[in-house]
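Here is a short briefing for a first look at this structure.

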Amino acid sequence: MSQVDSGAPVGVALIGSGRMGAYHGATLAQRLPGARLVAVADPAPGTAEKLAAGWGAPAAHTDPAQAFGDPAVEAVVIAAPARFHADLIVAAAQAGKSVFCEKPAALSLGDLDRAIDAVRAAGVVLQVGFNRRFAPDWAAARALLDRGVLGTPRLLRSVTRDPGGFDPSRVPADTIFNETLIHDFDTLRFLNPDAEAVEVYATADALVEPAWKDRGLLDTAVVTVRFDNGATGIAEACFEAAYGYDVRGEVFGSGGMATMGDGRRTGMAFSGPAGRAIDTARSDQELLAGAYVAELAAFVEAVRTGGPAAVGGEDARAALAIATAAAQSVRENRPVQIAEVAK
């Protein structure tokens, strides 16, 4: 893969500046010395100009192609809506730009294969935003696995509970699998090294917004994933947790157990007449702030050295295959073999 000048910050363009894009833009401009935000692209009139001016980026565009054609741009961070990801990856790769793409990298395996092929043909880096791999608890658990301390994984668990407040009219069908549980599917693979999923069984319902079930919105789900080494993983998600943003994990192996995450904002607990209480995190950007910076730092280093990415296209494909099988499992009310969908 191609390398960039190791003596200078990597020039990065931000594509898409919504909630997550704005956070990544601030990281590139203010939190990551190895990167330099050189352009912002967003189709909303005036949005890119405003953010670029605030961050000190020299260029603003409404068309991502303008950023892809800018020689000052060595890499791009894609944080546009998921339905645009695959086409943006292809266009960036064909322009010779390395790509960090928010999850999911695509909404279908065919589109993701097209994106992976473009990246390979161009010889650029592709990293996908599975941030939990970079969170300290999860990284420490993986280190125990890599050292053999946990032994052979037997049972795994990954949980995502969002804080709620979503607009159901803006949530496409299968979002709980493709955009929420996709993190958990990657986490199960991360905590079961060298194993691959072979069968998926999922149940899901609309328990937060029951009136939207007939329109395809599922907001609560549990997915069982069977792996080729015999381990079983459970992934669960819900779009509303009254107490905040809750992300946890567990890996139980022949040598012991590791648990990750408890949602605390700080280590402080207040004990009073009503009992004991703790403050909990209210958003992903609060709970996983360090992981968001660390994943972009890893991407910038991969661009600088020519790769490989810490979590690449094949990892994204494996997680999307599980998501695809989970959605099919709910529709057909049966276990689905990964081989059925991952062709």
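**The largest pocket**

Helices H1 and H7 (175-190) each give at least two residues to the lining of the largest pocket. The model is a predicted one.

**Pocket size and lining**

- The volume of the largest pocket is about 1400 Å³.
- Its lining counts 35 residues. Nearest the centre of the pocket lie Arg19, Lys103, Arg170, Thr175 and Glu179.
- H7 provides the largest share of this lining, with four residues.
- By residue class, the lining of the largest pocket holds 13 nonpolar, 12 polar and 10 charged residues.

**The buried side of helix H2**

- Helix H2 spans residues 47-55. Its residues Ala48, Ala52 and Trp55 are buried.
- Viewed down the axis of H2, the buried residues fall within an arc of 70°, so they line one face of the helix.
- An α-helix has 3.6 residues a turn, so residues three or four places apart point the same way.
- The cover over the buried residues of H2 includes strand E1 (10-15) and helix H1 (19-31). Strands E2 (35-41) and E3 (59-61) are also included.

**The other side of H2, and what follows**

- Lys50, Ala53 and Gly54 are exposed, on the face of H2 turned away from its buried side.
- Gly56 follows H2. The phi of Gly56 is positive, near 80°.

Technical notes
Residues are numbered from 1 along each chain as its sequence is written. This is a predicted model: local features need pLDDT of at least 70, side-chain atom pairs count only at pLDDT 80 or more; totals for chains, interfaces and linings use all residues. Side-chain values use heavy atoms; hydrogens and water are left out. Buried means under 20% relative accessible area, exposed over 50%, partly exposed in between (1.4 Å probe, protein chains only). The arc is that of the directions from the helix axis to the C-beta atoms. Contact means heavy atoms within 4.5 Å. On a 1 Å grid over the protein atoms alone, a cavity is a set of points where a 1.4 Å probe fits but cannot get out, and a pocket is an open set with protein on both sides within 12 Å along at least five of seven lines; lining residues have an atom within 4 Å of a point. Grid points are joined across faces, edges and corners, and a volume is the space filled by probe spheres set on the points. Ala, Val, Leu, Ile, Met, Phe, Trp, Tyr, Cys and Pro count as nonpolar, Asp, Glu, Lys and Arg as charged, and the others, Gly among them, as polar.
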